[in-house]
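Subject: Handover of a structure

Dear colleague,

Please find the structure below.

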Amino acid sequence: MGKRIGMEIALAAAEAAALCRPDVIAAYPITPNTHIPEHLSDIVAEGRLDAEFICVESEHSAISACCGASGTGARTFTATSSQGLLYMQEVLPIVSAMRLPVIMAIGNRAISGPINIWNDHSDIMYQRDTGWVSLFAANGQETVDMVIQVFKIGEHRDVMLPVNINLDGFQLTHVVEPIIMPDQEEVDRFLPAYVPYAALHPDNIVSMGTLGMPEIYAEAQKSKNVALVNSKKVILEVWKEWEKQFGRKYEPIQSYRTEDADIALVTMGSMGETAEIAVDELRKQGVKAGLLKIKLWRPFPFDDLKKAVKGIRVLAVTDRAVSFGGPGGPVFSEIRSALYDVPKRPKIVNFIIGLGGRDIQVENFMDMVRRATKGKLSEPYEFYGVRG
Amino acid sequence: MTEKKWPETWQEVNPGCMVFRPGSASEYHTGSWRAKRPIWDNAKCIKCGVCYIYCPEGCITEDKDGFFEANLDYCKGCGICAHECWPTAIVMVNEED
């Protein structure tokens with residue numbers, strides 16, 4: 001049986017990854033994800049995990065090593081943040097195009113410049129279109145659970161895609177939380193050994209990472225897109241299995257007090273926890289507020305969103321990244337586009353919040369809800385709390 | 001795993017565009033790119049093999065007499081062999097000539 005423990009979430013993520021028995025871990029340290037690979041290297045050095053820990057010279061090499069190792073049929077894991085993730089970017093679409101289920105934890109951090117090591121979502125948003133399955137954890141328990149779930153999702157024969165789990169830098173990576181840590185027997189029962197679709201080996205003839213001429217490139221891209229879209233079915237199945245075995249429920253969009261809600265906040269990541277308290281406070285004041293917490297970012301859960309917004313008059317979408325010169329934050333653009341064809345859609349407003357580690361508190365979320373009630377802001381999207 | 005030819009539709013694309021047939025790249029004849037072809041003057045050739053060593057396509061081979069020739073199925077006509085050939089035994093001539 002799993003045990004309830006108090007542990008820093010980055011260390012817990014490493015423990016969870018180790019429970020999945022990865023064969024190869026390649027990572028390069030960068031704040032704030034560093035404790036994840038650091039702790040994994042401890043676990044390997046202590047002999048608790050029989051894995052190859054590759055100390056690479058850069059993030060580009062880390063993801064390349066994982067790509068190559070995964071090609072040989074190894075279960076692989078890496079972790080990074082911010083500039084490190086951007087340095088990986090060249091390889092990210094290759095990993096997904098090669099249909100290799102590399103698993104990556106991202107301790108989300110702002111992008112330079114100005115140089116900033118604190119938390120927002122601008123690192124992952126640059127990687128939105130790389131063809132990876134992408135999940136957002138809101139707390140330590142979700143981080144641990146998702147790290148284990150995603151091996152099963154990514155390796156499923158109907159998916160065969162890399163997966164990233166996003167956990168907010170510092171706000172999650174460096175925080176100690178009570179976590180129910182599954183034990184080895186439970187994880188072994190949930191997660192079978194990895195059986196690759198194909199593996200590089202002298203006895204098996206296979207070429208990976210082949211050339212795609214104009215005659216085939218578009219078909220290849222369509223095939224990858226269909227695989228990512230269809231992965232949702234497996235994600236839901238795996239989440240059902242998880243709920244059955246571990247009793248914790250996962251949904252692409254988790255609704256909080258939205259049954260009779262008039263206005264709802266939308267969050268991704270750890271700020272959902274703060275927003276929940278804001279919703280409770282607003283309810284006490286008679287405001288019919290609710291909250292939608294997005295856990296599945298790619299493939300985007302269009303149907304779940306349409307269901308979740310039924311009856312809601314105003315959606316206040318929060319973004320923790322900027323799309324410079326664009327229509328608003330990336331989450332906002334996505335949601336507005338997803339609801340365009342819905343006849344009775346809510347008014348949608350966009351607050352860009354918590355950039356580069358700016359603290360957003362309960363009162364701020366309450367303030368956003370009050371201001372969004374009109375269904376319109378003075379600007380198309382607002383940098384919340386910016387001075388001037 | 002079933003063998004597939006060049007996929008006609010996206011449904012036929014192997015996952016990851018993996019190819020399970022060995023040597024399939026040799027079926028792609030890069031010689032069609034060529035605008036100029038190398039011609040050897042064996043009277044000038046000293047059989048040093050510099051052309052063979054420098055050919056980036058690896059398509060130059062030695063014949064039984066020790067002279068060299070390019071496999072025109074793969075020779076892209078880059079001209080590196082002609083450039084490197086210091087006895088100037090190789091000249092590049094236009095394909096249409």
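Chain B has an average pLDDT of 92, and 95% of its residues score at least 70; pLDDT is the predictor's confidence in each residue, from 0 to 100. The model is a predicted one, in which local features need pLDDT of at least 70, side-chain atom pairs count only at pLDDT 80 or more, and totals for chains, interfaces and linings use all residues. Residues are numbered from 1 along each chain as its sequence is written, while chains are lettered from A and ligands numbered from 1 in the order in which they are written. For the complex, the predictor gives an ipTM of 0.87 and a pTM of 0.93.

Chain B

Chain B contains two helices and four strands. Helices (H or I, at least four residues) and strands (E, at least two) are DSSP runs, numbered from the N terminus. Read from the N terminus, the elements of chain B follow the order β-α-β-β-α-β.

The radius of gyration of chain B is 18 Å, whereas a compact globule of 97 residues would have a value near 13 Å. This radius is taken over C-alpha atoms, and the globule rule is 2.2 Å times the number of residues to the power 0.38. Along the principal axes, the C-alpha atoms of chain B fill a box of roughly 55 × 30 × 20 Å.

Of the 97 residues of chain B, 20% count as buried. A residue is buried if 20 or more other C-beta atoms lie within 10 Å of its own, exposed if 12 or fewer, and partly exposed in between, with C-beta atoms placed from the backbone. Among the contacts in chain B with a separation of 6 or more, 64% are between residues 24 or more positions apart. Two residues are in contact if their C-beta atoms, placed from the backbone, lie within 7 Å.

Where the chains meet

The contact between the chains takes 17 residues from chain A and 11 residues from chain B. On the side of chain A that touches chain B, the largest share comes from helix H9 (residues 214-246) of chain A, with five residues. That side of chain A divides into 10 nonpolar, four polar and three charged residues. Here Ala, Val, Leu, Ile, Met, Phe, Trp, Tyr, Cys and Pro count as nonpolar, Asp, Glu, Lys and Arg as charged, and the others, Gly among them, as polar.

The two domains of chain A

Chain A is divided into domain 1 (3-246) and domain 2 (253-383); such bounds come from an automatic or database domain assignment. The centres of the two domains, taken over C-alpha atoms, are separated by 27 Å. In the contact between them, 26 residues of domain 1 of chain A meet 20 residues of domain 2 of chain A. H9(A) gives the most to the domain 1 side, with five residues. The domain 1 side divides into 12 nonpolar, 10 polar and four charged residues.

Why is helix H1 (residues 9-19) of chain A described as largely enclosed by the rest of the structure? The reason is that 11 of the 11 residues of H1(A) are buried. Among them are A:Ile9, A:Leu11, A:Glu15 and A:Leu19. H1(A) is followed by A:Arg21, whose phi is positive, near 50 degrees.

In helix H12 (residues 330-338) of chain A, the residues A:Pro330, A:Val331, A:Phe332, A:Glu334 and A:Ile335 are buried. The elements covering the buried residues of H12(A) include helix H11 (302-308) and strand S13 (314-319) of chain A.

Backbone details

Most residues other than glycine have a negative phi, and most peptide bonds are trans. A cis peptide bond joins A:Ser112 and A:Gly113, with omega about 5 degrees. A:Gly113 is placed in the loop between strand S5 (103-108) and H6 of chain A. Another cis peptide bond joins A:Arg298 and A:Pro299, with omega about -5 degrees. A:Pro299 lies in the loop between strand S12 (296-298) and H11 of chain A.

A:Arg99, which is not a glycine, has a positive phi near 60 degrees. A:Arg99 is buried, with 25 other C-beta atoms within 10 Å. A:Arg257 also is not a glycine and has a positive phi, about 50 degrees. A:Arg257 is partly exposed, with 16 other C-beta atoms within 10 Å.

Yours sincerely
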